[in-house]
Amino acid sequence: MFFDGYGYHGTSFEQSYRCYSASFIDKPQIESGDKIIMPPSALDRLASLHIDYPMLFELRNDAAERVSHCGVLEFIAEEGMIYMPYWMMENLLLREGDIVRVKNVTLPKGTYVKLQPHTKDFLDISNPKAILETTLRNYSCLTTGDSIMVAYNNKKYYIDIIETKPSNAISIIETDCEVDFAPPLDYKEPERPAGPTSSSRALSQVEEAPAEAEPKFSAFTGTGRRLDGKPLKQLPPPVSLPGSKDKGPAVSNGNNTQPSGSSSQSTARQAQGKLVFGSNVNRPKETKQESGKEAKQEQPQKKEEPKFQPFTGRKYSLKG
């Protein structure tokens with residue numbers, strides 16, 4: 001069966017055409033999707049066949065052995081020619097005017113697709129998920145190994161189709177498809193900071209050890225002294241500080257003698273001819289009874305002293 005001199009025959013549609021990019025026709029919108037423009041004779045043939053809708057086609061470049069899939073937008077091209085997006089020609093390694101074979105196919109509805117952006121700039125978009133969903137509305141099918149183009153903010157982003165399920169080519173029209181992303185091709189993992197070395201850990205442990213050995217503050221651990229210089233009747237028990245086992249208590253010795261510094265000061269005062277009250281530096285150790293006896297002996301001595309009588313001295317003459 002033949003139509004207008006072209007070899008349409010059989011129960012399926014399969015024909016070879018010369019392909020051209022969208023720059024040869026006033027249809028720039030086809031660059032943002034995967035649909036091609038075919039001649040009217042192709043519509044007549046497809047209408048006579050019992051094909052499934054929507055119309056999906058397989059594009060094959062026999063010279064480079066590359067295969068892709070697409071939909072159709074209009075049937076207004078010249079006979080023997082088709083117009084397709086330029087990114088699709090790049091996937092098929094086609095140049096302007098090359099021969100491409102077109103065949104109608106039926107694809108299963110996709111359930112899973114994994115995408116990988118070429119650059120990490122795509123992830124810098126404020127809402128890449130919404131942009132991708134809007135762009136994929138212009139697509140009818142996806143093929144594993146293809147690279148689709150996403151246009152946004154006067155910039156083109158290319159994304160690879162890494163995996164599709166349930167087959168290598170799927171239809172994404174009126175279907176719920178799970179979308180997964182792989183790291184961009186130019187993505188580099190940040191370098192992890194190096195962990196602390198064993199030497200630094202050892203130094204930190206050495207620094208913590210002396211801090212723990214320092215004694216804690218203990219209040220009221222000193223000794224008491226009388227203002228008149230006399231020895232205390234009862235010495236307070238020595239208080240041992242934590243962490244100072246070898247050091248003795250800072251109190252007077254068993255003889256209850258004062259420190260050498262105080263004795264040297266009192267000696268210096270007496271050497272200058274001054275009388276210091278309450279000084280016990282040069283006195284021997286006395287008991288309470290001896291000190292009481294001396295006090296009694298001093299009292300009668302004071303009573304024996306004569307009272308002061310004026311004009312009781314002797315007179316002397318200047319003549320001698």
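Visitor: Which residues do ring pairs link into a cluster?

Guide: Ring pairs link Tyr20, Phe24 and Tyr83 into a cluster. This is a predicted model, in which local features need pLDDT of at least 70 and side-chain atom pairs count only at pLDDT 80 or more, while totals for chains, interfaces and linings use all residues. Residues are numbered from 1 along each chain as its sequence is written, and side-chain values use heavy atoms, with hydrogens and water left out.

Visitor: Which parts does the pair of Tyr20 and Tyr83 tie together?

Guide: Strands (E, at least two residues) and helices (H or I, at least four) are DSSP runs, numbered from the N terminus. Tyr20 lies in strand S1 (residues 14-21) and Tyr83 in strand S5 (residues 81-84), so the pair ties together parts 63 residues apart in sequence.

Visitor: Are Tyr20 and Tyr83 buried or exposed?

Guide: Buried means under 20% relative accessible area, exposed over 50%, and partly exposed in between (1.4 Å probe, protein chains only). Tyr20 is buried at 19%. Tyr83 is buried at 4%.

Visitor: What about the rings of Trp87 and Tyr139?

Guide: Their centres are 5.8 Å apart and their planes at 40°, so this pair is tilted. Trp87 lies in helix H2 (residues 86-91), and Tyr139 in the loop between helix H3 (128-136) and strand S8 (141-143), so parts 52 residues apart in sequence are tied together. Trp87 is buried at 5% relative accessibility, and Tyr139 is buried at 2%.

Visitor: Where does the charged end of Lys165 sit?

Guide: A charge sits over a ring if NZ of Lys or CZ of Arg is within 6 Å of the ring centre and within 35 degrees of the ring normal. The charged end of Lys165 sits over the ring of Tyr112, 5.0 Å from its centre. Lys165, in S10, is also the bridge partner of Tyr112.

Visitor: How do strand S7 and strand S10 pair?

Guide: Two strands pair if DSSP finds at least two bridges between them. Strand S7 (residues 112-117) and strand S10 (residues 155-165) pair in the antiparallel sense over six bridges.

Visitor: What is the order of the open sheet of four strands?

Guide: The order is S9-S10-S7-S12, with mixed pairing. Strand S9 (147-152) and strand S12 (178-181) stand at the edges with a single partner strand each, so one side of each has no neighbour in the sheet.

Terms used
Phe/Tyr/Trp six-rings, centres within 6.5 Å; stacked < 30°, edge-to-face > 60°.
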